[in-house]
Amino acid sequence: MSKNELKVIARIVLIGTGLYVILQSSLSVLFSLPLMLVSHNGVDAMAITAIIIFILLALAAVYFVVRLAGCSSEKIVIHDSTDDTQISWLAVAFRLVCVTAGIIYLYRTIFGFIPMLSLYIQAILDNEMPARYQHIGPEFAKFIVMLAISFYLACGAPGFVRWQVKRTLKQCNKSIEQQPEWH
Amino acid sequence: MTRPHLIAKLIFFAIGVCLVIYILDYIYSFSFNYSAAIFKKAGISPLFITAAVGIVPLAASLILLFWSERLARLLTDPDAPGCEKVDGYQSTAAFRSIACFCGLLILYTPVSHLIGGIPAVITGPNILSYLTFEGQSSLLSAKSLTRIFVGLTKGVIGLYLAFGAPHYVRWQTKLAIQTNGAKP
């Protein structure tokens, strides 16, 4: 598989992941729309403005995802010093897997924490602190650790990818040794 | 084995893993929303409902994971002329990368629960409140036990897949080699 083919595959996967994240976030906002309208006693100018801003933001996010996917695919398919195309193909595949998983981890971590944080802030403002929000420290620590794991994966998880490539090559060699008639 | 044949097998593998996770999520949500009164009123055993709803995805996942070769043969011809052939190396790499991806996605929930549970472990007796939904149920209740079982199973499956599912991939590679004949 050539370098350009790998770049195209990486770009498609990254754009797909980005669109998935945007779609999921849009759906969660859309599902909360009826509640927003009820709390505003119907459709008013503010609600319409918020919806228009949200649509514009979503479109901007799609544009940035497409632009960023191009730059990221260049970084994922880096030129390896080794001439073995199979090894570089393998490293790119695992790197792409880690980056995609990292983006999904980031989305789940951030979107899991934002509602809790907003409720916590609301509770502080209302001076009514429910029991479950009195211990936000461990939740914040969990958020930080998950964020660190997400960033590590989104950056390509170099150590993990190296280990996986080594293990895969070892497994392939073992299979070849077990089948002497191949040689 | 041709490339379309391998892609079909990879898709079957991914769907099979998704179904296993779906079953585990179903068990968890079932135990969470379980109400003995409703089942008594309806006159149905909860075990029957669990088996009836869970058996179809379980059978489907087993077929997709372990009979993927035969299923893929129904869709594509492994010796189709004009299609690019796949060797054992490519088969191993493809299966390992898909397994790794599925494993990483599955591991999110157990890892976040584990990290969330560490402060509870450090502070001592709070571990019980974490496992018993803040004292709402006892440790040996079906709800708590199901939570522990589902979390552990997901963790084990996720780790096995994230490490590349070596045994499963070796078996699949062997099948790919047998399909290809003497070609590695």
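Tutor: Before we start, "buried" means under 20% relative accessible area, "exposed" means over 50%, and "partly exposed" is in between, with a 1.4 Å probe and protein chains only. This is a predicted model, in which local features need pLDDT of at least 70 and side-chain atom pairs count only at pLDDT 80 or more, while totals for chains, interfaces and linings use all residues. Residues are numbered from 1 along each chain as its sequence is written, chains are lettered from A and ligands numbered from 1 in the order in which they are written, and side-chain values use heavy atoms, leaving out hydrogens and water.

Student: Thanks! Is B:Leu58 buried, partly exposed or exposed?

Tutor: B:Leu58 has a relative accessible area of 41%, so the residue counts as partly exposed. Its place is in helix 3 of chain B. Helices (H or I, at least four residues) and strands (E, at least two) are DSSP runs, numbered from the N terminus.

Student: How many helices and strands are in chain B overall?

Tutor: Chain B has eight helices and zero strands. Of its 184 residues, 43% count as buried.

Student: New topic: where is B:Ala165?

Tutor: B:Ala165 sits in the loop between helix 7 (142-162) and helix 8 (166-180) of chain B. Its phi is near 40°, a positive value in a residue other than glycine. B:Ala165 is buried, with a relative accessible area of 1%.

Student: Last one: what does the side chain of A:Thr168 make a polar contact with?

Tutor: The partner is the side chain of B:Arg96, at 3.0 Å. A polar contact is a pair of N or O atoms within 3.5 Å; within protein, one must be able to donate a hydrogen and the other to accept it, and residues adjacent in sequence count only if both atoms are side-chain atoms. A:Thr168 lies in helix 6 of chain A and is buried, with a relative accessible area of 0%.
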